[in-house]
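This report goes through the sheet, the turns, the nonpolar core and a pocket of one protein model. Please keep the sequence and the structure in view while reading.

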Amino acid sequence: FAANLQKNDRIIECDGVNVENENERQLTDRIRLALASARQITLFVVDPDTDRFFKSKCIKLHSMLPIVQHIANSTDI
């Protein structure tokens with residue numbers, strides 16, 4: 001909720017680690033562990049349109065691409 005994720009958004013990275021090959025349980029555990037330690041979590045998330053566009057161009061998404069917009073929290077959107 002706090003991250004303002006929308007239905008069909010795809011989480012690419014969690015704290016700089018690519019999580020595309022992790023299942024839902026692994027990703028959930030990763031996020032819960034970070035929350036339990038009371039530290040901030042960084043997510044790299046794309047919406048379905050962005051995901052389709054980059055896949056159609058055969059461009060692998062990662063948070064260091066120069067076009068990535070970094071948002072400190074969901075109120076910055």
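Strands, as the word is used here, are DSSP runs of E with at least two residues, numbered from the N terminus. The model is predicted, and the values below should be read with that in mind.

The strands form an open sheet of 3 members in the order 2-1-3, with antiparallel pairing.

The antiparallel pairing of strand 1 with strand 3 runs over 4 bridges, and here Ile11 faces Val45 as its opposite residue. Because 4 of the 5 residues of strand 1 are buried, this strand is largely enclosed by the rest of the structure.

## Two residues with positive phi

Asp15 is found in the loop between strand 1 and strand 2, and these two strands make a hairpin with 2 residues between them. Although Asp15 is not a glycine, its phi is positive, at about 55°. With a relative accessibility of 30%, Asp15 counts as partly exposed, a class that lies between the limits of 20% for buried and 50% for exposed.

Asn8, in the segment before strand 1, likewise has a positive phi in a residue other than glycine, in this case near 75°. Its relative accessibility of 57% places Asn8 among the exposed residues, because exposed means over 50%.

Which residues make up the largest nonpolar core? This core holds 7 residues in all, namely Ile12, Phe44, Val46, Phe54, Leu61, Leu65 and Val68. For Leu65, once its neighbours within four places in sequence are left aside, the residues in contact are Phe54 and Lys60.

Is Ala34 buried or exposed? Ala34, which lies in helix 1, has a relative accessible area of 1% and is therefore buried, the limit for that class being under 20%. Apart from its neighbours within four places in sequence, Ala34 is in contact with Arg39 and Ile41. Glu20, by contrast, is 14 residues from Ala34 in sequence and 18 Å from it in space, taken from C-alpha to C-alpha.

## The second largest pocket

Rolling a probe the size of a water molecule over the atoms shows where empty space is left. The second largest pocket of the model has a volume of about 280 Å³. Its lining consists of 14 residues, of which Ile11, Glu24, Leu27, Thr28 and Ile31 are the closest to the centre of the pocket.

Strand 1 (10–14) and helix 1 (24–36) each supply at least two residues of this lining, and helix 1 gives the most, with 5 residues. By residue type, the lining of the second largest pocket divides into 5 nonpolar, 3 polar and 6 charged residues.

Terms used. Residues numbered from 1 in each chain as written. Predicted model: local features only at pLDDT ≥ 70, side-chain atom pairs only at ≥ 80, totals over all residues. Heavy atoms only, no water. 1 Å grid on protein atoms, 1.4 Å probe; cavity = no way out; pocket = protein on both sides within 12 Å on 5 of 7 lines; lining within 4 Å. Points joined across faces, edges and corners; volume = space filled by probe spheres on them. Nonpolar A, V, L, I, M, F, W, Y, C, P; charged D, E, K, R; others polar. Core = buried A, V, L, I, M, F, W, Y, C linked by side-chain atoms within 4.5 Å. Buried < 20%, exposed > 50% of the residue type's maximum accessible area, 1.4 Å probe, protein only. Contact = heavy atoms within 4.5 Å. Pairing = 2+ DSSP bridges.
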